[in-house]
Every structure is written in C-alpha cells, then in structure tokens.
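This report describes a protein and the RNA strand beside it.

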Amino acid sequence: MSKTDIGKAPANSNFIHEIIDRDLASGRYGKRVHTRFPPEPNGYLHIGHAKSIVLNFTTAVKYGGKCNLRFDDTNPEKEASEYIDSIIEDVKWLGFDWEDRLFYASDYFNKFYRYALKLIEEGKAYVDSSTPEEISRMRGTPTSPGIESSYRDRTPEENLALFEKMKNGEFNEGECVLRAKIDMKSPNLNLRDPVMYRIKKVPHPRTGNTWCIYPMYDWAHGLEDSIENITHSLCTLEFENHRPLYNWFLDQLPDIPHPRQIEFARLNLTYTVMSKRKLLKLVEEGYVSGWDDPRMPTISGLRRRGYTPSAIRKFCERIGVSKTESTIDFALLEYVLRDELNRTAQRRMAVLNPLKVTITNYPEGKEEWLDAENNPEDSSAGVRKIPFSGVLYIEQDDFLEEPPKKYFRLAPGREVRLKHAYFITCNNVIKGENGQVKELLCTYDPATRGGEAPDGRKVRGTIHWVSARHAVKTQVRLYNSLFTRENPLETEEGKDFTDYINNESLVTLKNCRIEPSLSEAKGGENYQFLRKGYFCLDNRDTNPGYPVFNRTVALRDTWARIRTNRNP
RNA sequence: UGGGACGUCGGCAAGAGGUAAGCCACCGGUUUUUGGUACCGGCAUUUCGCAGGUUCGAAUCCUGCCGUCCCAGCCA
C-alpha cells in the first residue's frame, strides 16, 4: 500500500466504527469525526502504538475527518524533547500526516488552570493538605470505601487562595494537591476525590519554569480532547475505569464540547514485550544496543530491521480492533512483511557461510557476466549482470557428504544448478586436518549456461553462489526472536522476563560474501538474498568497504521444517 | 468483601434469533532455474467458557455459575 492509499482500502469495520456510525446517524457530534493520537513523550513508540496510530488516522480518513497529533506532556519528570522528536519522526515515517495539527497539552495549561478555578469556585474542587501517605490511606480499597479528608470542607475562598499559592510555588512538592470533590465511597476508585494538580518543581521541556503545578492525566485529557473538538477519543482498555471520571470533569463544564471516549484492547505480540518500562529496562541494562536495536518492537527498531511502513500499517489493519485482550502471533507480522517484500524486493545472491568451490574444467582466468532477473514477481524490475568464474563460494549448508533422503542439494557425484549459471557436478571433496570440508572440486557443463540443459535433463536442486574473485566481503546479522518464550512475562519463581532472552536473538556472521552489485545497496532498501531471506543495509554500522546487513525476516524454510519434523 | 470489562478453531476475528466467514499457524499435494512465491485440498456439526431456560429454531434472548483482565500513583 502506498502512502496515497492510506485509508482507502482498509476500513474493515469494527465496533468503534459502528459506534461512530450511530453517532453520525444521530448527529451527535454534528456529523463530524475528529480523532487524535496522544502519546506521552516519555519513551519511544512501539508497534503497539502503531496500532493506535493506524486506528486513529484511518478512522478519520474513512469518515472524511481529521486526526491530530498531540503530546500529552503533563509530567515533566518523565518527559523529554528527545522523545518528542523521535515520536514525530516515527509517526511521519509510518506515513501519516497531521497537517498543521501538532498540539501539546502544555499549550493548554492556562486553560486548564482557569477551568480548575471554576470548579473551585463552584465548590467542586479543594486543596488537600494531607500527606501523600494520608491520601493514599484514606482512599480505601476496592472492597472498602474511602474516608473524606478533613480538608474537604475548606471554603472556595480558602481554596482559591491556597491554589494560588500552589501555583506561585509557595508550597513544597507533596505539601498539598488540588482534588476534585466527588465521592469517597464510590466503588470506582477513580472517583474518590481524584487529584487534579500536584506540585512539581521541575522545569518542563516546553513551558520551562512557568509552572510548578501540573495537571494529572484524568483532569487534563478530557479537556485536551474538548479543546481540540475531538469527537471520538480512542484509548486502551485500562482507561475504561477512567471513563466515568472523564465524563464527570466534562459534565462540570457544560459549555464545552464533550467527546466520547471508547476503549479498545492494546496490542500484544508473542515473543516480545510491549511496555515502555520493560523496553526501557532492556535498553538501560544493555540487553539490547538501544531503542532502535533491530530486535526491539519499537518503530525505530523495526525500521532499522528493515520493516516497511506499509507492512506495519497492513498488519495493524489485519489484526482487527476489539475489546478482547489478545496476543497476536508474531508470525502474522512476518507473514505480512514477506507478502510485501516478495513483491517489491529485488533479488540478490549472498553466501552467508562460504564454502569454496573450484570448477576444474573452467578456463583459467576466464570470467563471464550472466543475466539475472531482479524480481520474478515483477518483470519491470529488470535484469542485472552477475560475474561467474572458476572459483566460487556456495553455502556450507548446500553441500553434504552423506546426504539424507530428500536432500536435493550438492553431494559427491551429484549435479545441481547454480542459479542463473550452470549445472555443476561435485567430483572431489578436499578436507582439512580435522576432517572438515574445506573445498569442493567440481566440473561444469558449458552447455547449461543460463541454467537449462539442452538435452532436457533435470536437476532437483538449485543453489545460489558468488564468484570468489568478484564477491564483496560483508557482515550479516541474523535476528531471531528476542525471547525464548511466547509470553516472557509468564515467569517461573524468582525469575523475570530478562531471564528468557534468546541468546541467539542476534547471530553475527562476519565472513559473508555478496555479489558485487550489492556494494551499491542503499539504506532503507530491502533485498531478498536468494533462498535466505530479506535483508537491508544497516546504515549505522556500515563502514566504507565493509557493508553490514540486517536480516529483516527469513524466507519460509520448508527443508528446515522437514528436518525438524523428522528428528524433533 | 466492591466496581468495570472480556470469553467463537492453536493465534486473531466475522457473526446481531434462521442453522459457524476470513486470515495466520499447522498438515497434505501441484507448479517452480529460490525447498521462496503461486495454486489446490484438509483444519469448530452432539460446535461458540459451563449449566439451565425461552423458541419451530439460540453463538446471538433470559437466568445462574465458571474463568481471565483492569482499578487502591501527587504515572499515563
């Protein structure tokens, strides 16, 4: 799907769209649909966020509406502009356009403040001078009601004065908070006089030292939505319990728009973790090289790994939107990716674990340049020339001295096709001191140039190769799942998710050989290394003369499956 | 001894009283100069968490159970 297709094809309906359909029919929001993606800039975006981004933006497109990008920057302790920059980059990279609607909750701090004043004046909010511990204790538990603070009955005048002092920095952090006066006996803990403002004498990335009181999520979020005239505020399931509070705050301000909050299930994927806290731990404790480590489920990690924005979008549309907590099989993500790359990625030949092959009957010093199609799925991709000579490398896996049944590749006395080149037959095996295969002596059939035998004889196996003299030495990184468990959070006694990190999640091969055309590979482009998988240049670690490739995803490997099924 | 939500194939997910879509995974097979791709076939019928009930007819409606998740931040 190209960027211009966004929102045109998807539109698999879901329960949220049904709600919107009804709102549209009833004219509830003036026939408008306006959504928003509201990240907190306290970490990097991951594929779970992509689900929300895709949902919000494509929903807007489907209904001819708009979608804002809004930073929910209400907690300067955790937030940083580094994160703002990365989030902007990632949403853009995913292919979405918020036009001129990039907003920040912090831009509304003044409005929030004035609305708070209004609630105080109406006796609906009060300054509580209890300690955090007292407030926590008085909140009660899920099964027992809370008790009212002794400060709950302060007069509006008193509260106004106190709140003013809070704003002016006349109190220390933790000395007091502004609370909504709702119901300490509510079975919903969120309604037990929730905190609206707390004191934080911390500079804010955007407002600097202007404020030392910062609004809490519940107080801020509905107002942000209302100020931006959002119609449908989509969020994840854990905010379901907050919806009554979202509505309560807006009900106290009857003159401003009141969006509808709808909750959906967040994305979980097998063999990875998705919480910012856990991803941060992986980064900080060095389990991965950074937020953009290609093993990370972050947008930046997937990008570096070679995932395309369109594959991520397609994936997000495929998984559906519901309220059922679910875990998507990572294989589905890989399927969607392969499905795209198969159609778009040019083919190249690369030998990951080289085994030398000498063609004994090939004229000394001769070389020839053969035609190779760039993509059998797309003839417009054209052809390229690849060099052939008397000394080649093939994959170590593609030769077996004692081949098992159904093994179609090279073996002593056996003939195979070198893709795009010739049939070769293995005559001799040269071994090293430890008995390891060092080199193969083969003969080629000059009549099979291009890979077809004029006498019509067939070979079962076709393998890839590179010309030793022409090949470029390179590093290839094979990535596997970050964890060995489908659900790394399901831990045994005394263990945590980091105990299940897959020590084969990164396998670095330093002696690979690629066909010469690959030395012109560009970052951000995907190539299929024939019979191996899809790879892309690692822009960060590539050195002049020594390219580094990341394996984006392997090809399906039926032979590997046969093997494991045979001896499990 | 609370409140809010959710239970349809191994994983997602349609389904809205008329007799269980689709996709991934998995298993067979065909084609193939990639053991890739493509294509064909199989994969929920005493079956929709369980048990009752209503109905000519129930995954859909009613009742009661069971299971899972969320909530006691001055995080979002």
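## A first contact

Which backbone atom of glutamate 452 lies 3.5 Å from a base oxygen of RNA strand B, and of what kind is it? It is an N or O atom of the glutamate 452 backbone.

## Basis of the model

This is a predicted model, in which local features need pLDDT of at least 70 and side-chain atom pairs count only at pLDDT 80 or more, while totals for chains, interfaces and linings use all residues. Residues are numbered from 1 along each chain as its sequence is written, chains are lettered from A and ligands numbered from 1 in the order in which they are written, and side-chain values use heavy atoms, with hydrogens and water left out.

## The surface near the RNA

RNA strand B is surrounded by 70 residues, where a residue is near a strand if one of its heavy atoms lies within 4 Å of it. The closest are Glu325, Arg347, Arg409, Gly450 and Thr558. Sugar or phosphate accounts for 63% of the atoms of RNA strand B within 4 Å of the protein, and bases for the rest.

The surface near RNA strand B has 23 nonpolar, 23 polar and 24 charged residues. In this grouping Ala, Val, Leu, Ile, Met, Phe, Trp, Tyr, Cys and Pro count as nonpolar, Asp, Glu, Lys and Arg as charged, and the others, Gly among them, as polar. At least two residues of this surface come from each of α5 (132-138), β6 (195-199), α12 (330-344) and α13 (558-566). Helices (H or I, at least four residues) and strands (E, at least two) are DSSP runs, numbered from the N terminus.

## Polar contacts with the RNA

A polar contact is a pair of N or O atoms within 3.5 Å; within protein, one must be able to donate a hydrogen and the other to accept it, and residues adjacent in sequence count only if both atoms are side-chain atoms. The side chain of arginine 318 has an N or O atom 2.5 Å from a sugar or linking oxygen of RNA strand B. At phenylalanine 408, a polar backbone atom is 2.8 Å from a base oxygen of RNA strand B.

Two packed helices are described by the angle between their axes and the distance between the axes. Axes are lines fitted to C-alpha atoms, for helices over the stretch in contact, and angles run from 0 to 180 degrees between N-to-C directions.

Helix α11 (residues 309-318) packs against α12 at about 130°, with the axes 9 Å apart. This makes α11 oblique to α12; angles under 35 degrees count as roughly parallel, over 145 as roughly antiparallel, 65 to 115 as roughly perpendicular and the rest as oblique. On the α11 side, Ser310, Ala311, Lys314, Phe315 and Arg318 meet residues of α12 including Leu332, Tyr335 and Glu340, contact meaning heavy atoms within 4.5 Å. This contact has 7 nonpolar, 1 polar and 4 charged residues.

## Helices α4 and α7

The axes of α4 (residues 109-121) and α7 (residues 217-227) come within 11 Å and cross at roughly 115°. The two helices are therefore roughly perpendicular to each other. Among the residues that meet are Phe112 and Tyr115 in α4, and Trp219 and Leu223 in α7. The contact of α4 with α7 divides into 8 nonpolar, no polar and 2 charged residues.
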